[in-house]
Amino acid sequence: IVSPGFAVVRPLPTAFDPDFCKYALRELAFLVEVQKRSFGVSYPAINASELGDIPVYVPVFPQQRAIAAYLDHETARLDALIAAKERLLALLAEKRQAIIIHAVTRGVDPHASLHDSGIPCLGEIPAHWEVKRVKYIFRLVADPAADNNDFELLSLYTDVGVRPRKELEARGNKATTTDSYWLVRRGDLVVNKLLAWMGAFGVSGYDGVT
């Protein structure tokens, strides 16, 4: 069962091998042609008759099967390499986070004496450290930008930190104006209040607004 927004393509058994079909209909030239024939603004789509009118390569059956088998083998090998890299990246990210947590909660001296901070969520801390509330060591900055300003529009993401919005144009929503946005100076800590629980904090390396 599919929605009306989908077209179901079934290869004719005498003309097209299904395994070859799955690659032929994702080949770049075919996809470019699909894009050319699509219409609509928000959600461009192609109708079934236009889709059926696009030409494709049709080798003889033995070659179709040989090409499909080769691509199945090579893509599976590459997928395995990608999965292994992703596992390695995940382990490195986990190790990075563990190093950060240990450094900011225990310091860099492994032999430092510890004492109870008196706060359950903090536990033990180095004996010569203090505990203070955030409001006593940071100042909340709420300086609105002037109207019709040309400041750099900044965005904050949990995975990349604070970046100019133009560098991340494909992600999130675009702002139509930056009037009354908050001014940000280089070195400021930016917090996404809605996603703070996910670690949406970042130190800005830029002057701008957010």
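The following dialogue goes through how some labels are assigned in this predicted model.

Student: Why is Cys21 called buried?

Tutor: Buried means under 20% relative accessible area. Cys21 has 8% relative accessibility, so Cys21 counts as buried.

Student: What makes Cys121 exposed?

Tutor: The label exposed needs a relative accessible area over 50%. Cys121 has 70%, and therefore Cys121 is exposed.

Student: Why is Glu74 called buried?

Tutor: Glu74 lies in helix H4. The cut-off for buried is under 20%, and Glu74 has 19% relative accessibility, so Glu74 counts as buried. Gln64 and Ala68 of H4 are buried too.

Student: What do the buried residues of H4 pack against?

Tutor: They pack against helix H1, residues 18-24.

Student: What makes the pair Glu74 and His73 a polar contact?

Tutor: A polar contact needs N or O atoms within 3.5 Å, and residues adjacent in sequence count only if both atoms are side-chain atoms. Here the contact runs from side chain to side chain, at 3.2 Å.

Student: How does the reach of H4 compare with the expected span?

Tutor: H4 covers residues 61-106, which is 46 residues. From first C-alpha to last, H4 reaches 66 Å, close to the 68 Å expected at 1.5 Å a residue.

Student: What follows H4?

Tutor: Gly107 does, with a positive phi near 80°.

Notes. Residues numbered from 1 in each chain as written. Heavy atoms only, no water. Buried < 20%, exposed > 50% of the residue type's maximum accessible area, 1.4 Å probe, protein only. Helix = DSSP H or I, 4+ residues; strand = E, 2+ residues; numbered from the N terminus. Expected span 1.5 Å × (residues − 1). Contact = heavy atoms within 4.5 Å. Polar contact = N/O pair within 3.5 Å; in protein donor to acceptor, adjacent residues only side chain to side chain.
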